[in-house]
Amino acid sequence: MKKALIAAAMFVFAGPAYAQTAATPIDPAVLDAAVKAAWKELTPEMQKRVEQDETQKICSETRNNPSKAQFDAIVAREKATIQYPPDGKMLGDWEKGKKSAGDGFGWRMRDDMEKRQAGGNCYACHQMEPKEITYGTLGPSLVGYGKLRDFKEEAVKAAYEKIYNAHAVFPCSNMPRLGTNKFLSIDQIKDVTAFLMSPDSPVNK
């Protein structure tokens, strides 16, 4: 999120000349002030997210190209945040997962999170169900995801972990840490995992 804000701030500060000349470095203090001012209407809980955590700082400072030591440290730190279902079952209800995957509620600043659960907004970056024609391409196509992995148990676990915290799988991933940041519940993550991995899911038809 902060990388996008940095780019936007650079454009604002540089003006029309930005497209024609190299950007002049911005004082970090000025940038931080601009970011905080832009997000001042957030709830106190969301306001905390304006401050980068250790993983985000490293990814920003290295332009998403951490050293081997940093890479390993991020994986260890982020993997430790993953919480697994108490019953050990990582496949939920794929029909509920389909709904969560297609729902963008919660991604806008003024969505009232006390009224309903957030959605994963997965189609913003991925193709999933083949008949859905509106999807982003920032992430890879997930059509046939479970089928391509023979619906194996280890693939189910890997999908759950990726959804819960993508940085635990690949540091500096563009994918949000949906479970670690409490954006999706464990049950929702189980359901989205089922949408990807269930033989009955339209993703695998």
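User: At roughly what angle do the axes of helices α4 and α5 cross?

Analyst: This is a predicted model, in which local features need pLDDT of at least 70, side-chain atom pairs count only at pLDDT 80 or more, and totals for chains, interfaces and linings use all residues. Residues are numbered from 1 along each chain as its sequence is written, and side-chain values use heavy atoms, with hydrogens and water left out. Axes are lines fitted to C-alpha atoms, for helices over the stretch in contact, with angles from 0 to 180 degrees between N-to-C directions; helices (H or I, at least four residues) and strands (E, at least two) are DSSP runs numbered from the N terminus. The axes of α4 and α5 (residues 68-79) come within 10 Å, and their crossing angle is roughly 155 degrees.

User: Is α4 roughly parallel or roughly antiparallel to α5?

Analyst: The two axes cross at roughly 155 degrees. Angles under 35 degrees count as roughly parallel, over 145 as roughly antiparallel, 65 to 115 as roughly perpendicular and the rest as oblique. The orientation of α4 to α5 is therefore roughly antiparallel.

User: Which residues of α5 make the contact with α4?

Analyst: The crossing of α4 past α5 is left-handed, a term for a near helix turned anticlockwise from the far one by less than a right angle, with right-handed for clockwise. Contact means heavy atoms within 4.5 Å. On α4 the contact is made by Glu54, Thr55, Ile58 and Cys59, and on α5 by Gln70, Ile74, Arg77 and Glu78.

User: Is threonine 55 buried or exposed?

Analyst: Threonine 55 lies in α4, residues 54-61. Leaving aside neighbours within four places in sequence, threonine 55 is in contact with Ile74, Arg77, Glu78, His167 and Arg177. The cut-offs are under 20% relative accessible area for buried, over 50% for exposed and in between for partly exposed (1.4 Å probe, protein chains only). The relative accessible area of threonine 55 is 0%, so this residue is buried.

User: How many residues of α9 are buried?

Analyst: α9 has 12 residues and reaches 16 Å from its first C-alpha to its last, close to the 16 Å expected at 1.5 Å a residue, where the expected span is 1.5 Å times one less than the number of residues. What covers its buried residues includes α6 (94-102), α7 (145-148) and α8. Among the buried residues of α9 are Gln188, Asp191 and Phe195. α9 is mostly covered, and of its 12 residues the buried number is 10.

User: How many nonpolar residues does the contact of α8 with α9 have?

Analyst: The axes of α8 (residues 153-164) and α9 (residues 186-197) come within 9 Å and cross at roughly 130 degrees, which means that α8 is oblique to α9. Ala155, Val156, Ala159, Tyr160, Ile163 and Tyr164 of α8 make the contact with Ile186, Ile189, Lys190, Val192, Thr193, Leu196 and Met197 of α9. Ala, Val, Leu, Ile, Met, Phe, Trp, Tyr, Cys and Pro count as nonpolar, Asp, Glu, Lys and Arg as charged, and the others, Gly among them, as polar. Besides one polar and one charged residue, the number of nonpolar residues in this contact is 11.

User: At about what angle do α6 and α9 pack?

Analyst: Trp94, Lys96, Gly97, Lys98, Ser100 and Ala101 in α6 meet Gln188, Asp191, Val192, Ala194 and Phe195 in α9. By class, this contact has five nonpolar, three polar and three charged residues. The two helices are roughly perpendicular to each other. Their axes are 7 Å apart, and the packing angle is about 100 degrees.

User: What is the phi of cysteine 172, near which value?

Analyst: Most residues other than glycine have a negative phi, and most peptide bonds are trans. Cysteine 172 is placed in the loop between α8 and α9 and counts as buried at 9% relative accessibility. Its phi is positive although the residue is not glycine, with a value near 65 degrees.

User: Which relative accessible area does asparagine 121 have?

Analyst: Asparagine 121 is found in the loop between α6 and α7. Although not a glycine, asparagine 121 has a positive phi of about 55 degrees. This residue is partly exposed, with a relative accessible area of 27%.

User: What percentage of the residues in the chain is buried?

Analyst: The secondary structure comes to nine helices and zero strands. Among contacts between residues at least 6 apart in sequence, 56% join residues at least 24 apart. Of the 205 residues in the chain, the buried share is 38%.
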